[in-house]
Amino acid sequence: QLLPLTIISSLLLFSCGTAPLSDGSDSTNEGAENSNDSGEEGSPGNDEERINLSLRCSDSNEAPAALRRLTSKEYVHSILDIFPEIQGEWEGRQLGVDPVGISGFTTDARTLLVGPQRAEEIFKSALEVATLLTNDDHFREILPCADNADLACAEELLSTYGERIYRHVLTTEESVELTTYFESVLQRSDFATAIKWTLVTMLQSPFFVYRDELGDANGELSPEDVATQLAYTFSGTTPSAELFERARAGEFADAEVRVAVAKELLRSARGQEVLMDFLEQWIEFGQVRGDVKDGIENFDAIAEAMVEETRLYLQEVIVEQGGNVYDLLTSPFTFTNATLASHYGYGSQTAEHTYTERPQGQGVGLLAQGSFLAAHAHPAMSSPVFRGLFVFEKLLCGSTPPVPDVVPAIEEAPPANTTRERFENAHGSPGCQACHRSFEPFGFAFESFDAAGRYRSEENGFPINAFAEGISPDGTELTFDGLTELANTLTTLPVMTDCVSGQLAAYAFSGGGGDACLAESERRAFANNEYGLFDYFAALAAAPSMNSRKR
């Protein structure tokens, strides 16, 4: 039995109920200035079910101390950046999908725990990696002294990779523990096997699997921990040697320096993945993959083209143009190729996606993206519910009561000429209206787009009615006719700006256990249009939680 069982035991001990290390009793609600009124008792807005991410506070809170497990993506990226030799040979297939926390993202410390199944996945992943690294193809790449096959060579492994894996300089105690383990395996096997199991031990160590965001007695994070925060928040991977050097030199005590570093990291290939991961989790445009649309052949290819269209649109608006929320919702262009041109009835006939001006009157911005529209629809018809809920919950941070135990299928509604009529008939009773009137009017504004994201002026020979009157979660009465008017109306609502800034802050800082009110200076600047979305994300590096924890 070569497996160091104490490692798996440590993982379970570290994770079961210890992250974040806070009772959450004052978690981000203290000092609230304004909030929408959607967090009623018993609704998904309460602390146990959903956090009100549009909440604004007078001052920034510090996130509670936490040990936060790396997400599956962070674990894989860290391995591949430390050991690029196995790029293309290992993809972390053993690692399961991370759960979505109450903040709505997979970065939440409260759900990134390690039970027996996750511990086994981590062990199997560590074993796969260590086996690859010690085979004939890579062993001497990572350890040129391997022919010596002695303790000094094992110590060279620790000096070369120890800091990158543990994210701090190995202590004497840690080095002794690892070399002792190496020697114990060597007595029973050969040199390569002993190195392999030493690597297995390191790659499932809590120092590798968890981000240490505990802080010292005063709540201050160590320089290495600040470098770790910056690296994972803005590039989704382990810190580079250069980042560690700058941290130890004291550079990251300066908030402006941290923000500059955050921008550099966000513009890297790994940083672009982090940004797109947030956008995909928030906007849900990737959900169109695997959808089936009645009467449309080869929709899989169309869906993939739609996802790329949206990715390029977001890249252009947010990264290249430095756009804000207004730009995100109202920019009049998209990116099409021949597949999408055939599907939409307009656009580029090239194989590659090309910048395309949208036809006048056929929508604008993010909400007119085919990937979003098709993902938030049924196979045979559009869905005012799915589309309206997205606006209400993801753009305005509203919450709805729990769904009743018995909800009739929409197909059981009385006969109707259009999808809108069908939904109005189905949800016309007082019991249904009490919930649906909060979000369904937003969904009616999308009725000029069918289930597959294509523009239409009529349905079944009847003209489309996309006019609606709604109420935002903060009580503002709204009137809009169609998607373009809805998009422009939404950009005038302070609650939407607060919601968007809260969503991004929750994604960035939920690794520290916080959900709102952790970057209030930056959120105020964002609300005042001082930042575009890209710069706002980078500006979160200036927040107190980037280098300290609540005590």
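The legends below describe close-up views of a predicted model. Residue numbers start from 1 along each chain as its sequence is written, and side-chain values use heavy atoms, with hydrogens and water left out.

View 1. The largest pocket has a volume of about 710 Å³. A pocket here is an open set of points on a 1 Å grid over the protein atoms alone, where a 1.4 Å probe fits, with protein on both sides within 12 Å along at least five of seven lines; lining residues have an atom within 4 Å of a point. The volume is the space filled by probe spheres set on the points, which are joined across faces, edges and corners. Of the 36 lining residues, Lys 73, Thr 106, Asp 277, Gln 281 and Tyr 507 are the closest to the centre of the pocket. Helices H2 (72-82), H9 (223-235), H12 (269-283), H13 (299-320) and H22 (494-509) each give at least two residues to the lining. Helices (H or I, at least four residues) and strands (E, at least two) are DSSP runs numbered from the N terminus. The largest share, eight residues, comes from H12. By class, the lining holds nine nonpolar, 15 polar and 12 charged residues; Ala, Val, Leu, Ile, Met, Phe, Trp, Tyr, Cys and Pro count as nonpolar, Asp, Glu, Lys and Arg as charged, and the others, Gly among them, as polar.

View 2. Strand E9 (residues 467-471) and strand E10 (residues 477-481) pair antiparallel over five bridges, where pairing requires at least two DSSP bridges. Ile 471 stands opposite Glu 477 in E10. Five residues lie between the strands, and Gly 475 in this hairpin has a positive phi near 95 degrees. On E9, Ala 468 and Gly 470 form the covered face, whereas Phe 467, Glu 469 and Ile 471 form the uncovered one.

**View 3. Aromatic pair of Phe 83 and Tyr 161.** Rings of Phe, Tyr and Trp (its six-membered ring) pair if their centres lie within 6.5 Å; planes under 30 degrees apart count as stacked, over 60 as edge-to-face and the rest as tilted. The count comes to 21 aromatic pairs. The centres of Phe 83 and Tyr 161 are 4.8 Å apart and their planes at 35 degrees, so this pair is tilted. Phe 83 is in the loop between H2 and helix H3 (116-133) and Tyr 161 in helix H5 (residues 151-166), so the pair ties together parts 78 residues apart in sequence. Both residues are buried (under 20% relative accessible area with a 1.4 Å probe, protein chains only; exposed means over 50%, partly exposed in between).

View 4. Phe 105 and Phe 278 make a tilted pair, 5.7 Å centre to centre with 40 degrees between the planes. Phe 105 lies in the loop between H2 and H3 and Phe 278 in helix H12, 173 residues apart. Phe 105 is buried at 1% relative accessible area, and Phe 278 is buried at 2%. Ring pairs join Phe 105, Phe 278, Trp 282 and Tyr 507 into a cluster.

**View 5. Arginines over phenylalanine rings.** A charge sits over a ring if NZ of Lys or CZ of Arg is within 6 Å of the ring centre and within 35 degrees of the ring normal. Arg 267 lies over the face of Phe 534, at 4.5 Å from the ring centre. The charged end of Arg 420 is over the ring of Phe 444, 4.2 Å from its centre.

Notes
This is a predicted model: local features need pLDDT of at least 70, side-chain atom pairs count only at pLDDT 80 or more; totals for chains, interfaces and linings use all residues.
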